[in-house]
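This briefing is intended for a reader who has the sequence and the coordinates at hand. Please consult the display below before turning to the points that follow it.

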Amino acid sequence: MKKFIQSLPKVELHLHIEGTLEPELMLELAQRNSINIPFNSVDEIRDAYNFHNLQSFLDIYFQGADVLIHEQDFFDLTWAYLLRCQEDNVIHTEIFFDPQAHTERGILFDTVVNGIHRALDKGISELGISSKLIMCFLRHLDEESAFNTLSQAQAHKDKIIGVGLDSTEIGNPASKFERVFKQAIEQGFLTVAHAGEEGPASNISEALSLLQITRIDHGVRCTEDASLVEQLIAERIPLTVCPLSNLKLKVFDRMEQHNIVGLLRQGVCVTINSDDPAYFGGYMTDNFLAVNNAHPMNKTEIAQFTFNAIEASFVSPSEQERLR
Ligand code: ADE
Ligand code: ZN
């Protein structure tokens, strides 16, 4: 089954580009940009990756992003990820970026978007990997900062297909961003949001009703509410699930307890994704393998994750045909 999983065409829908910053590149960029980081070696960095919840990860994740300064840094980061996609036979990827993690440090929005976009362009022309770019609002920041970020995205509507919501879920309800999402939808952006990762099932219902999102990032706590699971099945609302992330951030203690295969068998449109692979120890193939090791599946079930991801993706119907 390992060979089958490795060679299976894959579609990734939940990937934070800042979460693909491998320790080697972090050190290289820190040196190149004369940024002080509290680590001297790759081993020291990896040793710091012991998380006990989402917040303990986010603190390290934002610190890591501080080494990204120039457009070329964002290009290098994105290109390295696309080369990993090629190894894992990822044929299409929808990438999140966190503009506020950079603009708050004085980096221009344009620097970030242009660097990422240039790599994505090269990805389609040289590797045949198609992609979409989704801009996330940091939910620990205020509404004004999100509105400001949305206005900066106006000049890049040709590069950004949608908006999302990430960072600290607990204490930052969807309602805080209801007006920003309304305006983003009016401006033609598609919408997604992290919900039900650390927070309860009610956060998923709230995100669906208040933010009018078309797919849920994580959403694994939906199983606490049977009527919500019924709604997800009936309305084919996709969940972009990140199994290794959920283990690292203690959403589940063991992969055997993970509910993704149960949800698949119930008919929920679940997908497998890597979230922040440089921090959680695995890209797409690793995530598929970890799920299958704990919950052995047949080939049809494994391939269903790719069919679900194609259905849940933001590609046009004709592009969907190409992916199938
Ligand atoms: N930002 C990057 N990874 C995240 C995650 N798993 N949850 C919330 N915000 C994030
Ligand atoms: Zn995420």
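Among contacts in the protein between residues at least 6 apart in sequence, what percentage join residues at least 24 apart? The share is 76%, where a contact requires C-beta atoms, placed from the backbone, to lie within 7 Å. The model is predicted: local features need pLDDT of at least 70 and side-chain atom pairs count only at pLDDT 80 or more, while totals for chains, interfaces and linings use all residues. Residues are numbered from 1 along each chain as its sequence is written, and chains are lettered from A and ligands numbered from 1 in the order in which they are written.

**Overall form**
- Along the principal axes, the C-alpha atoms fill a box of roughly 50 × 45 × 40 Å.
- Buried residues make up 46% of the 324 (buried: 20 or more other C-beta atoms within 10 Å of the residue's own; exposed: 12 or fewer; partly exposed: in between; C-beta atoms placed from the backbone).

**Secondary structure and sheet**
- There are 17 helices and eight strands, defined as DSSP runs numbered from the N terminus (helices H or I, at least four residues; strands E, at least two).
- Eight strands form an open sheet in the order 1-2-3-4-5-6-7-8 with parallel pairing (pairing needs at least two DSSP bridges between two strands).
- Strand 1 (10-16) and strand 8 (270-272) are the edge strands, each pairing on one side only.
- Strand 1 pairs with strand 2 (residues 90-97) in the parallel sense over five bridges, and E12 stands opposite T93 in strand 2.

**Ligand 1**
- The residues surrounding ligand 1 include H16, H194, D275 and D276 (C-beta atom, placed from the backbone, within 6 Å).
- The shell has two nonpolar, five polar and four charged residues (nonpolar: Ala, Val, Leu, Ile, Met, Phe, Trp, Tyr, Cys and Pro; charged: Asp, Glu, Lys and Arg; polar: the others, Gly among them).

**Positive phi angles**
- D275, in the loop between strand 8 and helix 14 (277-280), has a positive phi of about 65 degrees although it is not a glycine.
- D275 counts as buried because it has 30 C-beta neighbours inside 10 Å.
- R236, in the loop between helix 11 (226-234) and strand 7 (239-241), has a positive phi of about 50 degrees.
- R236 counts as partly exposed, with 13 C-beta neighbours inside 10 Å.

Notes
Two residues are in contact if their C-beta atoms, placed from the backbone, lie within 7 Å.
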